[in-house]
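User: Hello! Please walk me through this structure, one question at a time.

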Amino acid sequence: MKNQSITDSHLRSLEEILRKQRAEILTNGKTLRLDFNIDKNELLDEVDMAIADIERGMKMRLGNRESLYFRKVEEALLRMKNGTYGQCLQCGGSIGVKRLEARPTAELCIDCKESAEKAEALNAEGRKHKSLGELVNFKA
Ligand SMILES: [Zn+2]
């Protein structure tokens, strides 16, 4: 399905954001600070590296949160390369430019994201009640 709502210039600016975030993680590890002194040619080459290779290295240097986010950035860049960027992974619909600008790594459209979050919240709620119950039992 061709995504009509996202233009080439949008794609380019989003790609730029993703590449910067990617470079930040790569160069700074745990400190996510902006660094504009990045060699762009070097970054282009890095995109072609196998994700598995990068991840192996990342796991050694970064915490789980960073390597998870790095993976999301990497996958978003790959989707741009494949021409599937901006499509919801679940329903195939358009994610929408506004949402992508707010969150360039978005994988789901807002509808799918909301239902995923609802399901997640229900799970979390279930866990919370369970642990609360344990706490009450402990106090009693
Ligand atoms: Zn969707």
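Analyst: Happy to. Helices (H or I, at least four residues) and strands (E, at least two) are DSSP runs, numbered from the N terminus. This is a predicted model, in which local features need pLDDT of at least 70 and side-chain atom pairs count only at pLDDT 80 or more, while totals for chains, interfaces and linings use all residues. Residues are numbered from 1 along each chain as its sequence is written, and side-chain values use heavy atoms, with hydrogens and water left out.

User: How far apart in space are Lys20 and Val73, C-alpha to C-alpha?

Analyst: In sequence, Lys20 and Val73 are 53 residues apart. Their C-alpha to C-alpha distance in space is 9.9 Å.

User: Which geometry does the site of the zinc ion have?

Analyst: Donors are N, O and S atoms within 2.8 Å of the metal (3.2 Å for Na, K and Ca), and water is not among the atoms, so sites may look incomplete. Here the protein donors are the SG atoms of Cys88, Cys91, Cys109 and Cys112, lying 2.3 Å from the zinc ion. Four donors count as tetrahedral if all angles lie between 85 and 135 degrees. The angles among the four donor atoms are 104 to 117°, and the site is tetrahedral.

User: What spacing do the donors of the zinc ion follow along the chain, and how many residues apart are Cys88 and Cys112?

Analyst: The donors follow C-x2-C-x17-C-x2-C. Cys88 sits in the loop between helix 4 (64–82) and helix 5 (97–102), whereas Cys112 belongs to helix 6 (residues 110–139). This pair links distant parts of the chain, being 24 residues apart.

User: How many disulfides are there?

Analyst: A disulfide is a pair of cysteine sulfur atoms within 2.5 Å. By this rule, the count of disulfides is zero.

User: How far apart are N and O in the salt bridge of Arg22 and Glu74?

Analyst: A salt bridge is a side-chain nitrogen of Lys or Arg within 4 Å of a carboxyl oxygen of Asp or Glu. Arg22 lies in helix 1 and Glu74 in helix 4, so this pair ties together parts that are 52 residues apart in sequence. Arg22 is buried at 1% relative accessible area, and Glu74 is buried at 2%. The N to O distance is 2.6 Å.

User: Which residue forms a salt bridge with Glu15?

Analyst: Glu15 is partly exposed at 25%, and its closest N and O atoms in the salt bridge are 2.8 Å apart. The partner, buried at 14% relative accessibility, is Arg19.

Notes: Tetrahedral: all angles 85-135°; square planar, octahedral: opposite > 155°, others 65-115°. Buried < 20%, exposed > 50% of the residue type's maximum accessible area, 1.4 Å probe, protein only.
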